[in-house]
Amino acid sequence: MYENRTLVRGDNLEEMRKNFPDECIDLIATDPPFNSKRDYFVPFRDEHGREPDTLVRAFTDTWRWGDAAEDAYEELMVEVGGKVGDTIQGLRQFLNETPMMAYLVMMGVRIVEMHRILKNTGSLYLHCDPTASHYLKIILDAVFDARNFMNEIVWAYHRWTGATKHFQRMHDIILFSTKDRNLSEFNILTEPYSEKSKHKGKRKTAVQSNGILEQTYTGDTRREKAMRDVWEISYLNSQAKERVSYPTQKPIELYKRIVAASSNAGDLILDPFCGCGTTLMAAEELNREWIGIDLTYLAIGAVEQQFERLFPQHRDTVNITGTPENVEQALELARTDPRSFEEWCVTHVLKFKSNAKRVADGGIDGTFRFPIGRVRGRRAYGKAVAQVKGGNYTIGYIRDFRTAMQNVEADLGIFVVTTPPTDGMRTEAARAGTYRHPFLEMEAPRLQIYEVHDYFRDILPRLPFGERAVL
Ligand SMILES: C[S@@+](CC[C@H](N)C(=O)[O-])C[C@H]1O[C@@H](n2cnc3c(N)ncnc32)[C@H](O)[C@@H]1O
């Protein structure tokens, strides 16, 4: 069983089965990929709009009915059986071997595991969108028992859209089930009784009557009532402070409500589809313990950086597993899955912002900005860029990278490699000259060829401090 503040890179089904004993988790709050490939694929497409051939694709592939879906179906029918088996069989008769059915069986086997590892006092919050929420609720009822179903929470938001021939789709669904409704932990949260009465009246004590809670806030009394299951919380816009450019990132406010309602300080919270870690940040902020699992290196790197930014005092306490732990594993990753190797180098080794969108990247895989003082009263930043080469490379690659650095006006460039450069390559790199930081005592080659072996010897490229933590 993992410790507090652990990030696991891997498939959550395998992980839950192998490393999580029965009844060890207080709360699972998770946001799996919906069955809408569009959302899921956008950041991972390359500059030509092609789907990548990484682990991400491997999971999405399972949404087509194939061997993996057939195996999951078999497991649900034979090993789990009972109501769950009947429900899954019924759904298959209706949906046939469609991508939706493949998605549902893959979620089904995972929901069974989530139920097993939750404590009897625990709860599950499953974030879905309306394309699959009605099917997922049926599965949830079969696994958790309909009597333990507590809420269908509607998260309503506004965002920009074009004109459509239907009402604008502006909500997600969060299904909330307890393992046992009689034992479950629940803290009542409140909201203003109504917008109009928000600041009216002055009462000195907190009382509860007819489900309306009245509380005193530093002299200002607001009438509060127990919170409804419709939550209006703004969608993260591209300028939001907490934004880390992870495509499916959710607002921390949303997950703080869940954590506050269904757990207490010191409880252990799991997000098995953690993305950039919104649940985990909410847990940390409210003094809960947490474990996050995600399939991609990009997500794990994003959580690491987000955590360092928000909780710098605990930065050295995060444990990461499932990523290369020695040079052999790093080289193996480079050989078998170059895209993941690149994401790991950019987000974890260098702690740069990943150019995950792959839109006209011009040979730049990641960037990093660092402060260089003020220019005409405004904060100014220098720029470092990175390119990762997991396989063979020639002197021409170094030359091209130097050109790419010039094109994007980068001050520094890190060329990450798995094999040592030749003397000719070193000479080519040296042509880029030397960078001198305006106020730090720092001087470094503008173009540095960085061997990934060095990372495991604790040697890092020479870079100034900066906002590396911001993706
Ligand atoms: C919708 S996103 C989660 C977003 C998250 N709530 C946030 O705020 O960043 C779903 C995540 O599930 C991950 N994922 C998909 N299949 C997985 C699997 N089998 N095991 C672990 N993670 C998986 C994806 O990599 C993706 O990061």
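A polar contact is a pair of N or O atoms within 3.5 Å. The legends below describe close-up views of a predicted model.

**Figure 1. Polar contacts between the protein and the ligand.** In this view, a polar side-chain atom of Asp11 lies 3.2 Å from a nitrogen atom of the ligand. The side chain of Arg110 places an N or O atom 3.5 Å from a nitrogen atom of the ligand. The backbone also takes part: an N or O atom of Leu295 is found 3.2 Å from a ligand nitrogen atom. The ligand taken alone exposes 600 Å², of which the protein buries 99%.

**Figure 2. The shell of residues around the ligand.** The ligand is surrounded by 22 residues. Asp31, Tyr246, Cys276, Thr278 and Asp294 are the closest. Sorted by class, this shell consists of 10 nonpolar, seven polar and five charged residues.

**Figure 3. The nine-stranded sheet.** Nine strands, in the order β10-β4-β5-β3-β2-β11-β12-β1-β13, make up an open sheet with mixed pairing. Its edges are formed by β10 (230-232) and β13 (319-321), each of which pairs on one side only. On average, neighbouring strands of this sheet are turned by 15 degrees against each other when direction is ignored.

Figure 4. Strand β4 (residues 149-156) runs parallel to β10, and three bridges join the two strands. Trp155 has Trp231 of β10 as its bridge partner. Helix α6 (residues 99-117) packs on the sheet, where it touches β2 (25-30), β3 (118-128) and β11 (268-271). The direction of α6 makes about 150 degrees with that of β3. Helix α10 (residues 297-310) likewise packs on the sheet, in contact with β1 (6-9), β12 (289-294) and β13. Between the directions of α10 and β1 the angle is about 165 degrees.

**Figure 5. The five-stranded sheet.** Another open sheet contains five strands in the order β14-β15-β16-β17-β20, and its pairing is mixed. The edge strands, β14 (353-354) and β20 (447-451), each pair on one side only. Within the sheet, six bridges link β16 (residues 378-389) to β17 (residues 412-417) in the parallel sense. One of the residues in these bridges is Val388, whose partner in β17 is Val416.

Figure 6. Helix α12 (residues 338-349) lies across β14, β15 (366-375), β16, β17 and β20. This helix runs at about 150 degrees to β16. Helix α13 (residues 395-407) lies across β16, β17 and β20, with an angle of about 150 degrees to β17.

Methods. Residues numbered from 1 in each chain as written. Predicted model: local features only at pLDDT ≥ 70, side-chain atom pairs only at ≥ 80, totals over all residues. Heavy atoms only, no water. Pairing = 2+ DSSP bridges. Helix = DSSP H or I, 4+ residues; strand = E, 2+ residues; numbered from the N terminus. Axes fitted to C-alpha atoms, helices over the stretch in contact; angles between N-to-C directions. Contact = heavy atoms within 4.5 Å. Near = heavy atom within 4 Å. Polar contact = N/O pair within 3.5 Å; in protein donor to acceptor, adjacent residues only side chain to side chain. Areas by Shrake-Rupley, 256 points an atom, 1.4 Å probe, with all protein chains shown as cover. Nonpolar A, V, L, I, M, F, W, Y, C, P; charged D, E, K, R; others polar.
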